[in-house]
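Colleague: Let's go through this one together. Please keep it brief.
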Amino acid sequence: MIQLSKTGAYLLDGTTLVYDGPAPCSKEEAAKGTMAYRILEAHNQADQMDKLRIRFDKLTSHDITYVGIIQTARASGLERFPMPYVLTNCHNSLCAVGGTINEDDHMFGLTCAKKYGGIYVPPHQAVIHQFAREMLAGVGKMILGSDSHTRYGALGTMAMGEGGPELVKQLLNQTYDINRPEVVAVYLKGEPSRGVGPQDVALAIIGAVFGNGYVKNKVMEFVGPGVKNLSADFRIGIDVMTTETTCLSSIWCTDEKVKEWYEIHQRPEEYKELAPEKVAYYDGVIEVDLAKVKPMIAMPFHPSNTYTIADLKANLKDILHDVEEKAKVSLDNKVPFTLQDKVHNGQFQVDQGIIAGCAGGGFENICAAGDILKEKFIGSDGFTLSVYPASMPIYMELVRNGVAATLMECGAVLKTAFCGPCFGAGDTPANNAFSIRHSTRNFPNREGSKLQNGQISSVALMDARSIAATAANKGVLTGADEVDAAFATYAYHFDEKIYANRVFDSKGVADPSVEIQFGPNIKDWPKMEALTDNLLLKVVSEIHDPVTTTDELIPSGETSSYRSNPLGLAEFALSRKDPAYVGLAKEVQAAEKDRVAAGAITGHEEVEKAFALVQKSFPDASLQNTGIGSTIFAVKPGDGSAREQAASCQKVLGGWANIANEYATKRYRSNLINWGMLPFLIPEGALPFKRLDYLFVPGIRKAVEEKQDAIKAYTLEENGTPVEFTLKLGEMTDEEREIILKGCLINYNRPQ
């Protein structure tokens, strides 16, 4: 089904892979033949291709990120949006949590679109990525979004999801600076079997590459004879899930099917043929035999925890036990969790099905689900089914072609475009319930339960087709290959009037006279200090999970309503993983505030004692040259969302650094740097400190300035000399070092 090469390979004429034998040309020259290379080259502002400085064509954000981004840009001198910037409203659309908070954010977004020359998409019109596909994508273009699933490669657009500060840089006419990424070919051959959908193919790939980091921070380039056997919608459904592989971006070759997609959406000028050159070299190859892919399921609590549905059903007891054991790590044994009670008469009983968002809410997915559910009904017991079309134009077409009626008749509920089921807002199942979803992630809390309150339910990811098959079987887990359904071919007609009549588009014209509308929850970023000569850090949290997600660093769900309020949101930081974190961080921060304001830390006994130990061995350290703050240790933090708040919440609580063996994604490490936090690394193995220890890092400012690789740090012990260990920062650009020195991106930009 999936094979990973151990070496790179040449691709000849877009069809033939060559692993061994005489090289047609040098690897360096052939690497220029990839689609990714040509797109990156066209957007690179640097005079060489090893160190890229990228300017994007367009930007996009949703309503739990754009307020913070614009507030940061305003504090840095923003006058107008220099490129098309789309503000969508698909995350905090319910306007139900926190009083007026959500709609206040929307009005902020609308007035900012008018003032700075942007585009504003009102709530319930489209999820962020579907609007971008329909209205922003273009072959050969590059789009940057403040959501991790910013992926439009199937339409020939190289798109990347990053934390908000990277969008701020683009708004301030700065660049996105990265080393030229390696490119991995995803070589498709064959044709999907009946009942297999895009989520099945995506989960098969994720299961093969996530754990081994095969495509981490690389570009996935989809090529091969199998591409032509997939519709544009099918390709989009695979492409959006590439985020879960931890790749940097994705790109696909284009053809007549993509051309037709642009024509249907009345933007034919955005199409051109895109393919590798006659000879292209790839740093790795993922071979996918589409004919061998079976209906898949990603069991709790990660998209890479994959099985075929057939294998799960055939080995229920063993696999469920394995999932429960893995869950003990994800849940820290804080709540009892079992799936064994879902087995009745040898069959696995599901409680809820959802087809939604940028992954599941596509036109063809929902039509296929309708075909399976035609003249069926989901029953009147506990099982429920909700369907969220990804945009109002898709919803309209489902109404016109009758699929909406089919779904409603079977007992499903059709809802408007909303990302809530992907991040834990809306359709929260009952305690201990099991939900199957065609959405993007299934981390703990993504279904809306609260571990801190003893609540737990869980999500498995499946394709819309198998969710429909399960619904037709009254909630008994069923693969789409097990049902006898007649799949029709549905024509799609895009109704452009829906957006024309509702979306505000400034056409790039800013109106400085517009007053921004603020709500009481929209707060400015607090003042942040520049990096001091030395640092005294308290380890306030220690996490030893193999991977720590951004959901664990700052939970999603209803906390999203507070993302326009930096201090308000920070109260939720690590609340699920380490409830003591906020209080401990604040205690250290109180001492730092007194140090800055009064040059003294009187009354902070623990910090005073630690600082006395510092001065005993490092007499040059003083309260004038030594900053005091907190840090956390996590083995591999940052998997998942692009949300900058996973870092900024730590910063506004006085965090100066993270310490890790590895960072799960580039975007999380970038968020740390842009918020002035040091992304320290230590080797795997024995940890030289423990939770609640104080660490001293002398000469840290000089080390950053002089680009030192190894930085000496010390664990402070009350009865003994400090114990030395080594921290590393990894590769950083000159600009990133300057941001760290200034204390954050706002400080870096403000003087300019």
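Colleague: Start with Glu738. Is Glu738 buried, exposed or partly exposed?
Modeller: Glu738 is partly exposed, with a relative accessible area of 31%. Buried means under 20% relative accessible area, exposed means over 50%, and partly exposed is in between (1.4 Å probe, protein chains only). Keep in mind that this is a predicted model: local features need pLDDT of at least 70, side-chain atom pairs count only at pLDDT 80 or more, and totals for chains, interfaces and linings use all residues. Residues are numbered from 1 along each chain as its sequence is written, and side-chain values use heavy atoms, with hydrogens and water left out.

Colleague: Which side chain meets Glu738 in a salt bridge?
Modeller: Lys742, at 3.6 Å, N to O. A salt bridge here is a side-chain nitrogen of Lys or Arg within 4 Å of a carboxyl oxygen of Asp or Glu. Lys742 is partly exposed too, at 30% relative accessible area.

Colleague: Where do Lys742 and Glu738 lie?
Modeller: Both are in helix 26, four residues apart, about one turn of the helix. Helices (H or I, at least four residues) and strands (E, at least two) are DSSP runs, numbered from the N terminus.

Colleague: What does Asp734 pair with in a salt bridge?
Modeller: Lys707, with 2.7 Å from N to O. This pair links distant parts of the chain. Asp734 sits in helix 26 (residues 734-742), while Lys707 is in the loop between helix 25 (700-705) and strand 33 (710-715), 27 residues apart. Asp734 is exposed at 54%, and Lys707 is partly exposed at 47%.

Colleague: How many salt bridges does the structure hold?
Modeller: 40. Asp545, Glu552, Arg576 and Lys577 are linked in a network of them.

Colleague: And Asp13, which side chain does that meet?
Modeller: Lys278, in a salt bridge of 3.7 Å, N to O. Asp13 is in the loop between strand 2 and strand 3, and Lys278 is in the loop between helix 9 (256-264) and strand 14, 265 residues apart. Lys278 is exposed, at 62% relative accessible area.

Colleague: How many bridges join strand 2 to strand 14?
Modeller: Four, with strand 2 covering residues 9-12. Ala9 has Tyr282 of strand 14 as its bridge partner.

Colleague: On to pockets. What volume has the largest pocket?
Modeller: About 1000 Å³. The search uses a 1 Å grid over the protein atoms alone: a cavity is a set of points where a 1.4 Å probe fits but cannot get out, a pocket is an open set with protein on both sides within 12 Å along at least five of seven lines, and lining residues have an atom within 4 Å of a point. Grid points are joined across faces, edges and corners, and a volume is the space filled by probe spheres set on the points.

Colleague: Which residues lie nearest the centre of the largest pocket?
Modeller: Ser231, Asp233, Phe234, Glu364 and Arg465, out of 42 lining residues. Helix 13 supplies the largest share of that lining, six residues.

Colleague: Which element gives the most to the lining of the second largest pocket?
Modeller: Helix 24, with four residues. That pocket holds about 790 Å³. Its lining has 10 nonpolar, eight polar and 14 charged residues. Ala, Val, Leu, Ile, Met, Phe, Trp, Tyr, Cys and Pro count as nonpolar, Asp, Glu, Lys and Arg as charged, and the others, Gly among them, as polar.

Colleague: How many cavities of 30 Å³ or more are there?
Modeller: Seven in the whole structure.

Technical notes: Pairing = 2+ DSSP bridges.
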